[in-house]
Amino acid sequence: MSFLITEYKERIRKTKERMMQKGIDVLLVTDPANLNYLSGYDGWSFYVHQMLVLMIDEEQPKWIGRGQDANGAKATTWLSHENIISYPDDYVHSDIKHPMDFVADRLKEFGKANSSIGVEMENYYFTAKCYQQLKKGLPNASLEDATLLVNWVRLIKSEAEIGYMKRAAKIVEKAMQAGIELIEEGVRECDVAAKIFYTQITGTEEFGGDYPSIVPLLPSGEKTSTPHLTWTDERYKDGDAVILEVAGCYKRYHSPLARTVQIGRPTEEMKTLSSVAVEGINACLDMIRPGIACEEIEETWRKTIEKSGFVKESRLGYSMGCNYPPDWGEHTVSIRKGDKTILQPNMTFHLIPGLWLDKYGFEVSESIRITENGCETFANIPRDLTLKGHQLSK
């Protein structure tokens, strides 16, 4: 297991506190990051329905999933084997049966047919069909929206979690350097992506890496005007800018990082854009400390870039840590105007002040930890625009 059983039990305790505040007797946890957080379960099985059933009056939760994944639960969780329950394979991708029919039957057996049952409604892995079948199978139960209930418990990290994120940062440093070193005129975008993938997984000599929740994002040329493009098999050209947004991942804990490379001489516009963005993120890092609200960070950024005539409409960052595809964010706190969440030590964020204009863009980011009197960055890579290409010496 990735953590001591005492840490898992403390997470269960905090989750039950939130359940009681919301009047929830049973919580059905379907987000794989939350399954991992509460039980340790780790497997690429989230393409089928699986869950953790947390009952307010039971010490241990119960894992329910596909039969062939039950041994994976036995191998990776702290749960007693009798609390690992599997459904037969004829429930998988069937138009006759649904796994939530099986779950409803088990909840009846547990005596929870008339209970207040929390479900993660806003969740990639809990579908409209799931809700429909639970409602049908448990007509006397009250299905309550428990979206992000566990996510908010995850907001403040333990020292062990911070240690994993620091290892992820060592991996992302290597992956970023590998990508930057390979980017040159004539090199294929896909070859850079492959080198980054290789480095993310091999990690360091001391420890290997896990698969990140997001693939390398590598927009180039005019495509740097948008953040979420990946790569093609095209070759880089002189004059291209390339954005790299990648993450290291260790035991499902992430440390994302973004940097921008310029092949050949940058335009005056790119020089200005990059200097403004770097000035803005530096100003934010200097003022971040416990006790301030998230929106105060965004205000510092906004006032800094406004002096040069720039505006950023999208949020400046978000809480992150343990996760599975398709996202490494926790979906709770955002660094933006109106978010009054007060920073506390051991909160962790991806601070990503990218600026994307009509024809080009610049991105720089840091994964940060709130400390007792400020913040620290997990990785250590220069933030300025990286210049590549023989034309620079002419």
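Guide: Helices (H or I, at least four residues) and strands (E, at least two) are DSSP runs, numbered from the N terminus. By that definition, residues 11-156 are 36% helix and 18% strand, and the end C-alpha atoms of this span lie 11 Å apart. The model is predicted, so local features need pLDDT of at least 70 and side-chain atom pairs count only at pLDDT 80 or more, while totals for chains, interfaces and linings use all residues. Residues are numbered from 1 along each chain as its sequence is written, and side-chain values use heavy atoms, with hydrogens and water left out.

Visitor: What annotation covers residues 11-156?

Guide: An unreviewed UniProt entry carries the annotation "domain: Creatinase N-terminal" for residues 11-156. Positions follow the numbering used here, feature names are shortened, and such annotations may be inferred rather than shown by experiment.

Visitor: Why is Leu27 called buried?

Guide: Buried means under 20% relative accessible area, exposed over 50%, and partly exposed in between (1.4 Å probe, protein chains only). Leu27 has a relative accessible area of 1%, so Leu27 is buried. Leu27 is found in strand β1. Contact means heavy atoms within 4.5 Å; leaving aside neighbours within four places in sequence, the contacts of Leu27 include Thr15, Met19, Leu52 and Val150. The C-alpha atoms of Leu27 and Leu143, 116 residues apart along the chain, are separated by 9.8 Å.

Visitor: And why is Thr230 called partly exposed?

Guide: The relative accessibility of Thr230 is 33%, so Thr230 counts as partly exposed. Thr230 has its place in the loop between α8 (189-202) and β7 (241-250). Leaving aside neighbours within four places in sequence, Thr230 is in contact with Val215, Pro216, Leu217, Leu218 and Pro219.

Visitor: What makes a set of residues a nonpolar core?

Guide: The members must be buried Ala, Val, Leu, Ile, Met, Phe, Trp, Tyr or Cys residues, joined through side-chain atoms within 4.5 Å. The largest nonpolar core has 64 residues, of which Leu27, Leu38, Trp63, Ile183 and Leu244 touch the most other members. Helix α7 (residues 159-182) supplies the largest share of this core, 10 residues. At least three residues of this core come from each of domain 1 (5-154) and domain 2 (156-388), with bounds taken from an automatic or database domain assignment. A second, separate core of 31 residues includes Ala277, Ile281, Leu285 and Leu385.

Visitor: What makes β1 and β5 a pair?

Guide: Strand β1 (residues 26-29) and strand β5 (residues 116-119) share three bridges, in the parallel sense. Leu28, for instance, has Val119 as its bridge partner in β5.

Definitions and conventions: Two strands pair if DSSP finds at least two bridges between them.
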